[in-house]
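Student: I would like a close look at a single part of this model, followed by an account of how its surroundings are arranged.

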Amino acid sequence: MNNKVWYYKGNVYRVIKYPKMKNADGSWVNAVNYTDVNKEGSDYVRSESSFHERFIPSELSNGDLVAVISHGK
């Protein structure tokens, strides 16, 4: 399991795996399967591009772009 945590709207998440997901138009895209670290059994899936646009990593890698995002908190 990946130990890197991600933040979104005041919650903490951990990535489980990177599967494929079928879009509404029938095409397959890369996705992220993730869970809320504080809620057991809370598994979610969203497209990888959507995940990386919205979630903030706990650690930044060299070359990462940082944008200021307000989630209303």
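What relative accessibility does Arg54 have, and how is Arg54 classed on that basis?

Tutor: Arg54 has a relative accessibility of 33% and therefore counts as partly exposed (buried means under 20% relative accessible area, exposed over 50%, and partly exposed in between, with a 1.4 Å probe and protein chains only). The model is predicted, so local features need pLDDT of at least 70 and side-chain atom pairs count only at pLDDT 80 or more, whereas totals for chains, interfaces and linings use all residues. Residues are numbered from 1 along each chain as its sequence is written, and side-chain values use heavy atoms, with hydrogens and water left out.

The partner of Arg54 is Glu53, with which it forms a salt bridge whose closest N and O atoms are 3.7 Å apart (a side-chain nitrogen of Lys or Arg within 4 Å of a carboxyl oxygen of Asp or Glu). Glu53 is exposed, at a relative accessible area of 55%, and the structure holds 1 salt bridge.

A search of the whole structure finds 9 aromatic pairs (rings of Phe, Tyr and Trp, the last by its six-membered ring, with centres within 6.5 Å; planes under 30 degrees apart count as stacked, over 60 as edge-to-face and the rest as tilted). Among them, Tyr34 and Tyr44 form a tilted pair, with ring centres 5.5 Å apart and planes at 35°. This pair links distant parts of the chain, since Tyr34 belongs to strand β4 and Tyr44 to strand β5, 10 residues apart (strands are DSSP runs of E with at least two residues, numbered from the N terminus). Tyr34 is buried at 5% relative accessibility, while Tyr44 is partly exposed at 35%. Phe51 and Phe55 form a stacked pair, 4.2 Å from centre to centre with 15° between the planes. One aromatic cluster takes in Trp6, Tyr8, Tyr13, Tyr34, Tyr44, Phe51 and Phe55. Arg46 lies over the face of Tyr8, at 5.8 Å from the ring centre (CZ of Arg or NZ of Lys within 6 Å of the ring centre and within 35 degrees of the ring normal).

Strand β1 (residues 5–8) pairs with strand β2 (residues 11–17) in the antiparallel sense over 4 bridges (two strands pair if DSSP finds at least two bridges between them), and Tyr7 stands opposite Val12 in β2. Between β1 and β2, which form a hairpin, there are 2 residues, and Lys9 in the turn has a positive phi of about 50°. β2 also pairs with strand β4 (residues 28–36), again antiparallel and over 4 bridges, where Val15 stands opposite Tyr34.

Ala31, also in strand β4, is buried at 1% relative accessibility, and its C-alpha atom is separated by 4.1 Å from that of Ser47, 16 residues apart along the chain. Ser42, in the loop between β4 and β5 (43–47), is buried at 8%. The side chain of Ser42 reaches the backbone oxygen of Lys39 at 2.6 Å. Leaving aside neighbours within four places in sequence, Ser42 is in contact with Tyr34, Thr35 and Asp36 (contact means heavy atoms within 4.5 Å), which leads back to Tyr34 of the aromatic cluster.

How values were computed: A polar contact is a pair of N or O atoms within 3.5 Å; within protein, one must be able to donate a hydrogen and the other to accept it, and residues adjacent in sequence count only if both atoms are side-chain atoms.
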